[in-house]
Amino acid sequence: MTEPRRIKPAKRNDAFIEMLLEEGVFETKQAAMMFAAAVGYRYDSRQALDAGGEGIRWSIFEKNRDDAFINALALAVKRDLAVLDSDAAQNDDLATIFEEYAAGGFEYLNQYVRDTPGDVLDNLLALIQQFRTSQRETPAGLEGLDRSALELLGELEP
C-alpha cells in the first residue's frame with residue numbers, strides 16, 4: 001500500500017495559519033487544521049482548494065490519533081462506509097474532504113478574528129463558548145429521547 005498523500009491547507013490561508021502559530025493559539029499547523037476542519041463542518045463551510053505547499057504527512061495525523069476524526073468527517077459527508085477503504089482513491093477523497101472543511105473553517109475563523117476586537121486566543125475561546133451554550137433543536141427521529149440521552153449521544157451540549 002502506498003502512503004496517503006500529504007494533507008495541505010489552502011494556500012490563501014497560509015498567512016492566517018502562520019499568525020495563529022505565532023500568537024501561540026496552536027502549536028502546529030496540523031492542530032490548527034484539525035480545529036479549522038471542525039469549525040468548517042460545524043458551520044457547513046466547505047471550500048475548494050487552491051494549490052498548497054508541501055503539506056503534512058498523514059502519519060502525523062495518525063500519530064496524534066486525528067485520523068479517526070478525518071475518517072468520521074468523510075463518513076458524515078459521504079454516508080457510505082466505502083469511503084474508509086484503504087485504496088489510494090479513497091485516501092485522496094478523505095484528504096480532500098478534510099482539506100476543504102479546514103479551508104472553510106479557516107475562512108470563517110479569519111473573518112471572526114478580523115471582525116472581533118481583542119486577543120486572538122480570547123476570541124477563539126469565546127467562539128467555542130458560544131457554540132457550547134447555543135441550543136440546538138432535537139434532531140428529527142430523536143424527539144422521544146430526554147435531554148440527558150441526547151447529551152450522551154452528543155446531539156445536545158450539557
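Which residues form a nonpolar patch on the surface? In this predicted model, L121, L125 and I128 do so, with about 230 Å² of accessible area together. A patch is built from residues with over 30% relative accessible area and no salt bridge, where nonpolar side chains (Val, Leu, Ile, Met, Phe, Trp, Tyr) are joined within 5 Å and like charges within 9 Å. The accessible areas are computed by the Shrake-Rupley method with a 1.4 Å probe, and for residues only the protein chains shown count as cover. I128 belongs to helix 6, residues 120–133, and its relative accessible area of 32% makes I128 partly exposed; in these terms, buried means under 20% relative accessible area, exposed means over 50%, and partly exposed is what falls in between (1.4 Å probe, protein chains only).

Some conventions apply throughout. The model is predicted, so that local features need pLDDT of at least 70 and side-chain atom pairs count only at pLDDT 80 or more, whereas totals for chains, interfaces and linings use all residues. Residues are numbered from 1 along each chain as its sequence is written, and side-chain values use heavy atoms, with hydrogens and water left out.

The protein chain holds 7 helices and 0 strands, and along the sequence the pattern reads α-α-α-α-α-α-α. Of the 158 residues of the chain, 32% count as buried.

Helix 2 (29–42) can be followed in some detail. Its 14 residues reach 20 Å from the first C-alpha to the last, close to the 20 Å expected at 1.5 Å a residue, the expected span being 1.5 Å times one less than the number of residues. The buried residues of helix 2 are Q30, A32, M33, M34, A36, A37, V39 and G40. D44 sits in the loop between helix 2 and helix 3 (58–63) and, at 64% relative accessibility, counts as exposed. The C-alpha atoms of D44 and G105 are 8.8 Å apart in space, while the two residues are 61 residues apart in sequence. R65, in the loop between helix 3 and helix 4 (67–78), also has a positive phi, near 60°, and is likewise a residue other than glycine; with a relative accessible area of 70%, R65 is exposed.

The charged side chains come next. Side chains of opposite charge can pair when their charged atoms come close. Here a salt bridge is a side-chain nitrogen of Lys or Arg within 4 Å of a carboxyl oxygen of Asp or Glu, and by this rule the count comes to 5 salt bridges. One of them joins R46 and E100, at 2.6 Å from N to O. Because R46 lies in the loop between helix 2 and helix 3 and E100 in helix 5, this pair ties together parts that are 54 residues apart in sequence. R46 is partly exposed, with a relative accessible area of 37%, whereas E100 counts as buried at 17% relative accessibility.

Another salt bridge joins R12 and D50, at 3.7 Å from N to O. R12 lies in the segment before helix 1 and D50 in the loop between helix 2 and helix 3, so the pair ties together parts that are 38 residues apart in sequence. R12 is partly exposed at 36% relative accessible area, and D50 is partly exposed at 31%. R12 and D50 are also linked with E107 in a network of salt bridges. A further salt bridge brings together the side chains of D14 and K11, at 4.0 Å from N to O.

Helix 5 (residues 88–115) also holds D92, which at 34% relative accessibility counts as partly exposed. The C-alpha atoms of D92 and R5 are separated by 6.7 Å, although these residues are 87 residues apart along the chain.

Finally, a negative surface patch is formed by E18, E22, E23, D119 and D122. Asp and Glu count as negative and Lys and Arg as positive, while His and the chain ends are not counted; the place of a charge is taken as CG of Asp, CD of Glu, NZ of Lys or CZ of Arg.

Key
Helices (H or I, at least four residues) and strands (E, at least two) are DSSP runs, numbered from the N terminus.
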